[in-house]
Amino acid sequence: MLTRLSIRSQVAWLSALLIIITAITLTTSYAFRTAQLTEKQIERQMRYAQNVLTQYLSSQEQLLVTATRVLTADFGFKQAIATRDNNTIESVLLNHGERINADLMMMVDLQGELISISAKEKVTNKQVTEKISKLLENANLSQFLVINKRIYQLIVLPVKAPREIGYAIVGFQLSKASLLNLKNLTSLDITLVVNEQNIVSSIDELELENERNDLSVAPITTLDLLISKTNYFNKKISFDENAGIYALLSTSLKEVHEEFNQLISSILFIALLIILISMFLSRLLSKGISTPLNYLMKLTARISRGELKIAKNEQQLPREFNELYYAFSTMGEAISHREKEIKFQAEHDHLTGLYNRQMLLNIIGERISAKADLLLASINIKSLNQLNDTLGPENVDAILRTLAERLQTYIAGHHESINIGAAGRVDSDEFVLVLSISDLHKIEPELINLHDRLTQPYWVDDIKMNLELNIGSVNSIMHGKTPELLLRRVIMAMRAAAKEKKAIRQYVDGEDEAYLQKIQMIEELRVAIHSEDSPLFLNYQPKLNLSNNKIEKAEALIRWINKAGNFVNPEHFVGLAEKSGLIVSLTHWVIKNVAIQMEKWNEIGLNIRVSVNLSAQDIQHPEFVDYLLSTIEKYNVSPNQLTLELTERDLAENEEIVVQRLSHLQTLGFQISVDDYGIGQSSLSKLKSLPVDELKIDKCFILSLEACPKDQDIVSSTISLGHKLNMQVVAEGVENKESLALLASYGCEYAQGYYISRPVDADAFVEWYNNYEPNY
Amino acid sequence: MLDKKTILACFIVLISLGNSAFATTISIIDQHGQPLADAVLEIPVSQSTKSDLSVPLIMDQVDKSFAPIVLLAKKNSLVSFPNSDDIRHHVYSFSAAKSFELKLYAARPKSPIKFEQDGIVVLGCNIHDSMVGYIYVHDNTVTLKSNEQGKIEIDEVPSSAKSFFLWHPNAMKGVEHRDTLPISLLNSKEKEQTLTVITKTPAPRNTFGELSKHAH
C-alpha cells in the first residue's frame, strides 16, 4: 500500500511516524520517571509531615502537661477545690486559661462530676458531662475530644492536695490556624476527620467542599499520580481509632499535574514542530528524487519513441541518477546497434550479405517508380546439392560468397548501374542481379559478359572449380512493370534455361501465363476433390480373361470435367496432382469411390476385381494403408477384389518402405500390379524381389502389335518372362482382333483396350457387362 | 482492674480466730502479696481509754518526708509539726477532719495543732509535692498501725467489738475510705492472720511516643 504513495508522502509519513513514536516513548518514559520521583518525593514529604505532626502533638501535650501541672500545683487552686469554692475555681480556670492560652479548661471531682468549666468557644455542660468519665479513664494522657465540631487535644491531670481531690482538664483546640502553621512547616495540607466528617482543615473551606470526594485514602499507583483527576494524594494518620479521629495528610497533586501537562504540551509542540520541519525537508528530498526521475522518465520516453542517440547528460544529478542516465544512454546505443543488425538481417541474405527476396522486390519497386529501365538476370548454379555432397557445406558456402562478391564487383564496374544495380539471393542456389539498361540491344552482350565473369574458376583451397550456370533474363521494357512479376518471370526463364540446358535464356512471352494456368488448375482440382458434388468421376475399363473369354477385371480411371465444362486430360491433371502433392487426396477420393461402387456391384452380384492406380507418394504416405483398409471394410469390399497398380518408377522410389507395405498388402489379399511395364527403367533384379502378382505391358508395345514383329517379340518374351516369375500378364491398348489373337496365342492372361471396351462410367459398364457376349 | 471475684476473695478469712488471751499477729498485704506498712486497724471499744492529751504528738518532717507517714492521734490530741530539715516547709491540710495551714516555717511552729474531729487528715507540703502524711484521728478506740513488715500485734481483741476498720492511705477506694470488717476475722485461733487491702497500683504512663507507633 505504501508503495502506491509518492516518494514525498512516503518520506513524510515515515518521518512523522518516527517523530510521533519518539515523542510518545519519551513522554511515557519521562512520565514514569516523573511519577516515580514524585511518588518518592510525596512519600518523603508524608513521612516528614507525619514526624512533624507527631512532634507538634507531642510538644502540645508537653505544653499541656506543663501548664496543667502548674495549675494543679497552685496552692490557692487546690484550696479552692478542697473547699469547693466554685467562684474561685472558675476564676482560677479563667485566669489560668488565659495565661497559657488554653481553649478548654475543666475541673472535675474524683467522681467525675463537673465542677467548673471555662472555654473560649461556648461549651455547655451537657456537651461535656457524658464524655468526662471516658476522659478520666485515660488521665495523664494526651487525648482528643470533639465538642460541637471542634476538636481539642487535652490532658487530664489529677489535682493533689496532696492526695487527689479532683481532676483538671486542659485542652488546646486544633484550629485552622494551628493546621495552617503545620502546613507551613510540612507544606502539606492537614485535615482532621471525625467519624468520616471533616472537622477542620488547612485547605480552604470552598476548595474542601469541591474536593470532598478527593479526600479518600484509596491507594494511588505511580501512574495514577499523573493520570488521575484527583487533586490530592492523602495519607491517614489515626489519632484515636475508637473515636474515629484521624488526620489526613494531603499533598496537592495540582502542581504535579500542571507540570506534567506542561511537559506533555511542550513535547507535543516540539513534535509538531519537528514534523513540520520534516515535511519541509521531505519535500526537499523528494524534489531531489522526483526531479531527476522526471528527467529520466522523459529520457526513456524519447528512447521508446526511437530516439536512440542520447546526448551527454548536462544536468546536475545525484550520483545514482547519473549512473542510471549513463545506463540509459548505453542501452540506447545497444538498441540502436541491434536495430541496425536486425534490419540488416531482415534485408539481407545471411550467408552472402546480398539482399534477400523481399528487399530485392522493394529495390526493384523503387527503381521502377524512378522510371528506370531494368534488366533482371537470375543465376542458377547447376547441381549445387551434389557440390554440397562432394565439397562439404563450408566450401560451398565459400563458393557462394565468392560468387556474391563477383556480383557486387560486377555492379560496381557497371558504368550505368552505379547507383542502381543490386544483387540478391532468392534461393539457396539462385541469385538475381538488377541492372539498369538503356538499350535492348545491349542486353545480350551484357549477359554474356556477366556469364563469363561468373563462370571463371573458383578456388576451394587449392582445388580449381568450374561452375555451370544458367542465366535467365527479363527486362522491364518488354516483360512487365511490377517487381513480383519481373522476379517470377526471370526465375521462370532461369529454370527454363536449366531445363533446356542453355547458359543464357530470355523469358518468352506466355510462359508465365501457362504456369499460372497450372496453378489455377491445381487449385480447381483441390476444390473438386473436396466438394460434395464432385466434378470428378470414375470410368471403368474391363479386362478380358483370354483363357475363358470372360470379363473378370476392370481398371478404375479418374476423369474430370472442369468448371469450363472441358474434359481435362487425366495424364495432365494427375501429373500436376503428383507435383503439387494433391495426389494423396486424389487417390483417397478414388479408393473411396471405387469402394462405394463395388459395394453396389457386390449387392447386384457383379463380381469384378477392380484395379486402382497408385503413385509412389500414396504408398509412402503414413496413413495410406490404414485408410485403404478402413475404407474397404466400411463398404464391405474384400481385399481380394482389389488390384493396386504402380508404375516401375513408383516402385523404384523409396524402395524399402514401398516393398514392405506392398508385401503387407499382398498378404492381406490385394493383388499388386506393375503398370506401364517396359517403358520405364525396367530392372529385372527389382522385378525379382518385388511382391508383384501381375505385369501390365505398356500399350506402346500393343497398339500396333499385329503390324510390328519387334513388338511381337518383346511382348511374347515379356509374357513368358512374367510367367516364369509367377506373374500374370495384362496387355493394355488392344485395339483390334489380330492383336487380341496374338496375345491369346502368347498365353497372355488378360487384355484391355478399345477393341474390348472404352473406359465407361459405372452404369454404362454394368449395361455393357450385361450385354457382353464373347465373340473373339 | 480487679474484678469482683478477686475483691471478694480478699475478704476471705484465711485463719480462724485464736484464743483472745493470746497475742495475735496480723499481716497486712496488698493485692500483690506485698506487706503494707502504715495500715491502720481500728477496733471500736465501749469503755473509754484514758490517755494524756496535753502532750503533743510529733509529726516530724525529715528529709522531705513526714515522719511518721501515718500518725495515730486520739481525738482532741495536739500534734506538733517540727521541721527537722534545713529547708522550709509549708504544711497544710484540706481534709474535712482538720483543715489547717502552717505557712513556710523552719524548726518548730509556734504552737501545736489540736485535732478536734476524728477522721483522716491528709497532710501535704505546698513546696514539696511529694510529701504526703496522714494523721489518723480516732475517737476512743483501739487503733493499731502496721510496721515496716506490715505486721500488727494485737494483745487482746476487745470483746465488745462486733466489727473493726481497716485503713490504708493507698487504698483503692480512696484515702477517706475504711474497710469495715467483722471482728471474727481477728478472733482467730491462729497466731498469725493476714488481711488484704487493695491499693492503687500505679498506672503506666502513656505518651505520644506510642501514638506515633499506632500511626504507622
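Chain B of this predicted model contains two helices and 17 strands. Of its 216 residues, 31% are classed as buried. Contacts in chain B were also sorted by separation in sequence: among those between residues at least 6 apart, 66% join residues at least 24 apart.

Four of the strands of chain B make up an open sheet, in the order β13-β2-β15-β16, with antiparallel pairing. From one strand to the next, the twist averages 25°. In general, the strands of a sheet pair through backbone hydrogen bonds, in either a parallel or an antiparallel manner. Strand β2 of chain B, which covers residues 40-44, is joined to β13(B) by five bridges, and these two strands run antiparallel. Within β13(B), Val142(B) is the residue that stands opposite Ile43(B).

Helix packing was examined in chain A. The packing of two helices is described by the angle between their axes and by the distance between those axes. Helix α1 of chain A (residues 7-73) packs with helix α8 of chain A (residues 254-304) at an angle of about 160°, and their axes are 8 Å apart. Angles over 145 degrees count as roughly antiparallel, and α1(A) and α8(A) are therefore roughly antiparallel to each other. The crossing in which α1(A) passes α8(A) is right-handed. Sorted by class, the residues in the contact of α1(A) with α8(A) comprise 21 nonpolar, eight polar and two charged.

The crossing of α17(A) and α19(A) is right-handed. On the α17(A) side, the contact is made by His588(A), Ile591(A), Lys592(A) and Ala595(A); these meet Tyr627(A), Leu628(A), Thr631(A) and Ile632(A) in α19(A). By class, the contact of α17(A) with α19(A) has five nonpolar residues, two polar and one charged.

Key: Residues are numbered from 1 along each chain as its sequence is written. Chains are lettered from A and ligands numbered from 1 in the order in which they are written. This is a predicted model: local features need pLDDT of at least 70, side-chain atom pairs count only at pLDDT 80 or more; totals for chains, interfaces and linings use all residues. Two strands pair if DSSP finds at least two bridges between them. Axes are lines fitted to C-alpha atoms, for helices over the stretch in contact, and angles run from 0 to 180 degrees between N-to-C directions. Angles under 35 degrees count as roughly parallel, over 145 as roughly antiparallel, 65 to 115 as roughly perpendicular and the rest as oblique. A crossing is left-handed if the near helix is turned anticlockwise from the far one by less than a right angle, and right-handed if clockwise. Ala, Val, Leu, Ile, Met, Phe, Trp, Tyr, Cys and Pro count as nonpolar, Asp, Glu, Lys and Arg as charged, and the others, Gly among them, as polar. A residue is buried if 20 or more other C-beta atoms lie within 10 Å of its own, exposed if 12 or fewer, and partly exposed in between; C-beta atoms are placed from the backbone. Two residues are in contact if their C-beta atoms, placed from the backbone, lie within 7 Å.
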